[in-house]
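Please look over the model before reading on.

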Amino acid sequence: MMYGCTENSTSHQVGLYCSLTQLLESGFYHADPHPGNLLRTYDGKLAYLDFGMMGEFKQDLRDGLIEACLHLVNREFDALAGDFVTLGLLPPTAQTSDVAQALTGVFQNAVTKGIRNISFGDLSGNLGRTMYKFKFQIPSYFSLVIRSLAVLEGVALSSDPNYKVLGSSYPWIARKVLTDSSPQLRSTLQALLYKDGTFRIDRLESLITESLRSTTNETLSGREEKADKQSRLAMKRILKFTLSEQGDFVRDILLEELAKGMDALNRATFEKAASGVISRLPITFSLPPRLVEDEDIKNLETLRRLMLVLSDGLTKEQNQGLEKGNYLLREVDIQMTWNDAVVVLQKLGSSKEFLPMLSVILELPASAQQQSFRLPVDLTGRLASRIIARTIRRLVL
């Protein structure tokens, strides 16, 4: 069993990538990847030896482990308790609300450090008492999985004292959940990105950024990265992913959110203009009912954030947060004002804001460029559908 290594990849990075591919992609993995069972060949490949200890990982358990990592990183401990039931670590009769409260106390401090700084020791330090209290059980398959990952972390620590297997695994996991066509993982992504109907773009930003951090699956060459500015590089990475075939599900979400935001912007602009005209008339008129609702305000906020990402890439503050391992970027909590709406409108109408994005699109593969040409038609169709649906609702109700 051999895997290719990139020129800039270290042995433990390649070993981790290979093991994750075996574990979470094929479901059949080498459970004892210590140095004596790994061999780097002369042609730059990693060879696995001695297949006396192998493990199988069923699809539902693979998806469950990916979901558990995502929920841990995003501090969704209620969902994490449910993942433990899926993985067979807890009996179905367990009171997940009580488990979630206990897990919050166990993992909160560890996760606060940022995923790139979490070690197995951080996670297991206070877990013993909780496992005993709620009658955790360790399935045989899980023992092999943990052994495999623990051996890999031990090997890596011998050459890199700061190595963290979970932090190094997260780019692979982020890319998996963004690109996998599994209904279960797509449902998980949808739940992760929306809370009470509000789109959490900060989480999508961090997932995309992390999915492109893997050194074994570079989307751009090192030479290109040095030549580009940081914001331009971020823009190129995001566009290359969202315009690819693998990014179709994320692209669909973004188009839907753009349509919502542009619809809200149209309503806000019309209401503002109508109010201005009526206020200047010599005759007093009663103002029409408000067109802009609370949902429109949220959609305007999302549109503003999307405009920042698409025109400028990630902000300096966001990039610094990601470098420190803080994946819980600050969500937009400032109420959108009319002045803010005008700024968004000016950005939409300013070709100068989109020139960097257009120039980046011209550097992308031909398939991505063709996909970009179809976006305006798709976006217009979604916007028209929203307007028609709302008009019908108003007529009926």
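## Basis

Helix axes here are lines fitted to C-alpha atoms over the stretch in contact, and angles run from 0 to 180 degrees between N-to-C directions. The model is predicted.

## Packing of helices 2 and 3

Two packed helices are described by the angle between their axes and the distance between the axes. Helix 2 spans residues 59-73 and helix 3 spans residues 77-86. They pack at an angle of about 160°, and their axes are 9 Å apart. That angle makes helix 2 roughly antiparallel to helix 3, because angles over 145 degrees fall in that class. The crossing of the two helices is left-handed.

Which residues of helix 2 and helix 3 meet? From helix 2 come Asp60, Leu61, Gly64, Glu67, Ala68, His71 and Leu72. Helix 3 contributes Phe77, Ala79, Leu80, Asp83 and Thr86. By class, this contact has six nonpolar, three polar and three charged residues. Gly64 belongs to the contact, and Gly counts as polar in this scheme.

## Aromatic pairs

The structure holds four aromatic pairs. One of them joins Phe84 and Phe136. Its geometry is edge-to-face: 5.7 Å centre to centre, with 75° between the planes. Phe84 lies in helix 3, while Phe136 sits in the loop between helix 6 (127-133) and helix 7 (140-157). The pair therefore ties together parts that are 52 residues apart in sequence. Are these two residues buried or exposed? Both Phe84 and Phe136 are buried.

Tyr141 has a relative accessible area of 13%. Phe142 is at 14%. Buried means under 20%, so Tyr141 counts as buried, and so does Phe142. Ring pairs also bring in Phe57: Phe57, Tyr141 and Phe142 are linked into a cluster.

Ile146 is placed in helix 7. How is Ile146 classed by accessibility? Ile146 is partly exposed, with a relative accessible area of 31%. That class applies because the value falls between the 20% and 50% cut-offs.

Ile146 and Ala31 are 115 residues apart in sequence. In space, the C-alpha to C-alpha distance between Ile146 and Ala31 is 8.9 Å.

How values were computed:
Residues are numbered from 1 along each chain as its sequence is written. This is a predicted model: local features need pLDDT of at least 70, side-chain atom pairs count only at pLDDT 80 or more; totals for chains, interfaces and linings use all residues. Side-chain values use heavy atoms; hydrogens and water are left out. Helices (H or I, at least four residues) and strands (E, at least two) are DSSP runs, numbered from the N terminus. Angles under 35 degrees count as roughly parallel, over 145 as roughly antiparallel, 65 to 115 as roughly perpendicular and the rest as oblique. A crossing is left-handed if the near helix is turned anticlockwise from the far one by less than a right angle, and right-handed if clockwise. Contact means heavy atoms within 4.5 Å. Rings of Phe, Tyr and Trp (its six-membered ring) pair if their centres lie within 6.5 Å; planes under 30 degrees apart count as stacked, over 60 as edge-to-face and the rest as tilted. Buried means under 20% relative accessible area, exposed over 50%, partly exposed in between (1.4 Å probe, protein chains only).
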